[in-house]
Amino acid sequence: MPELPEVEAVRRRLQRDAVGARIVHSDVRRAGTIAPQEVNAFRASIEGARIIDARRRAKHLFLPLDNGVTLHMHLRMTGNVYVLPDCRFPPLRARLLFTLEDGRALTFDDPRCLGRVHAVATDDLAASLPPLGPEPLDGTFSLKTFVDIARKSQMPAKLFLMDQSKIAGLGNIYAAEALYEARIHPAAPTAALSTVRLGRLYSAIRQVLEVAIPCCERAYAKPGHFAEADEYPMAVYGREGLPCPRCRTLVARMAQGGRSTYFCPRCQRGVL
DNA sequence: TCGATCCTGTAG
DNA sequence: CTACAGGATCGA
């Protein structure tokens with residue numbers, strides 16, 4: 001279940017397990033997973049092709065094939081992708097099953113069925129993506145870029161961080177954790193934040209994500225392949241009523257954009 | 001910019 | 001039973 005660190009961990013696993021493999025058969029067990037694409041066309045465009053790379057942009061995963069088609073995957077809330085050792089024993093929640101030449105299988109697993117997989121011409125891939133802001137871990141993502149974007153938006157900081165068209169890859173967990181690290185109130189409009197605070201937020205975003213990626217890799221390495229960020233030392237997310245690690249004040253929860261925001265009411269104060 | 005919606009599972 | 005879940009899109 002994916003924010004940038006989880007998706008990156010999945011990408012690395014696919015790089016190791018799936019790149020180089022040839023897809024000999026595909027089983028669309030739930031048509032909604034590839035909607036609005038049509039099952040026969042989807043299958044025809046990928047069967048027989050070899051996976052030549054595993055890439056990521058924001059929370060999107062891409063498996064380019066050697067026939068000019070790319071499998072574009074989005075895990076949404078509960079999706080997971082991994083290689084099974086034996087295609088004869090697919091997991092219960094496999095929505096898509098790709099049999100590989102050597103008898104293994106690539107599985108798209110998704111209990112809630114919110115995830116999507118599409119077959120897209122590789123040349124058209126960039127144009128088919130929704131608007132995405134800069135990659136926070138990209139070397140070209142500078143503080144100046146971040147400040148420029150943040151100063152243009154009146155959105156509350158938490159919603160700003162979760163808006164993929166502003167900064168790509170953060171979700172409910174790491175947005176909350178980054179704001180905590182930067183000691184910024186989730187409701188503070190980014191345009192009103194001081195340069196010092198924006199600098200702290202910029203650093204916190206990168207730090208939180210960089211720490212989280214190896215945590216996710218460790219979690220995925222456990223038996224069962226289940227995607228949990230349970231190795232990451234959460235300071236506030238999901239910890240309502242528990243003490244803040246810094247000041248012992250009890251972590252609070254508020255609603256923003258229909259989702260839960262966790263924060264420390266003492267450490268994360270003020271708008272300036 | 002908010003709320004409803006897509007789906008299913010799990011916890012209380 | 002209700003509330004909630006790491007995401008995103010759509011229409012009002």
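Author: Let us begin with the layout: the C-alpha centres of domain 1 and domain 2 lie 29 Å apart, where the domain bounds come from an automatic or database domain assignment. Domain 1 covers 4–128 of chain A and domain 2 covers 143–263, and their contact (heavy atoms within 4.5 Å) takes 15 residues from domain 1 and 17 residues from domain 2. This is a predicted model, in which local features need pLDDT of at least 70 and side-chain atom pairs count only at pLDDT 80 or more, while totals for chains, interfaces and linings use all residues. Residues are numbered from 1 along each chain as its sequence is written, chains are lettered from A and ligands numbered from 1 in the order in which they are written, and side-chain values use heavy atoms, with hydrogens and water left out.

Reader: How should I read a sheet, and in what order do the strands of the open sheet stand here?

Author: Strands of a sheet pair through backbone hydrogen bonds, either parallel or antiparallel. Helices (H or I, at least four residues) and strands (E, at least two) are DSSP runs, numbered from the N terminus, and two strands pair if DSSP finds at least two bridges between them. Here 4 strands form an open sheet in the order S2-S3-S4-S8, with antiparallel pairing. Strand S2 (55–57) and strand S8 (116–121) are at the edges with a single partner strand each, so one side of each is left without a neighbour in the sheet.

Reader: Which way do the side chains of S3 point?

Author: In a regular strand the side chains alternate between the two faces of the sheet. His 60, Phe 62 and Pro 64 point one way from S3, Leu 61 and Leu 63 point the other way, and all are buried, which means under 20% relative accessible area, with exposed being over 50% and partly exposed in between (1.4 Å probe, protein chains only).

Reader: How many residues of helix H6 are buried, and what do they pack against?

Author: In helix H6 (residues 172–182), 10 of the 11 residues are buried, among them Tyr 174, Glu 177 and Tyr 180. The buried residues of H6 pack against H1, helix H5 (157–162), helix H7 (195–221) and strand S10 (259–263). Just after H6, Arg 183 takes a positive phi of about 60°.

Reader: How many aromatic pairs does the structure hold?

Author: Rings of Phe, Tyr and Trp (its six-membered ring) pair if their centres lie within 6.5 Å, and planes under 30 degrees apart count as stacked, over 60 as edge-to-face and the rest as tilted. The structure holds 7 aromatic pairs. The rings of Phe 42 and Phe 98 have centres 6.4 Å apart and planes at 45°, so the pair is tilted; Phe 42 belongs to helix H2 and Phe 98 to strand S6 (residues 94–100), 56 residues apart.
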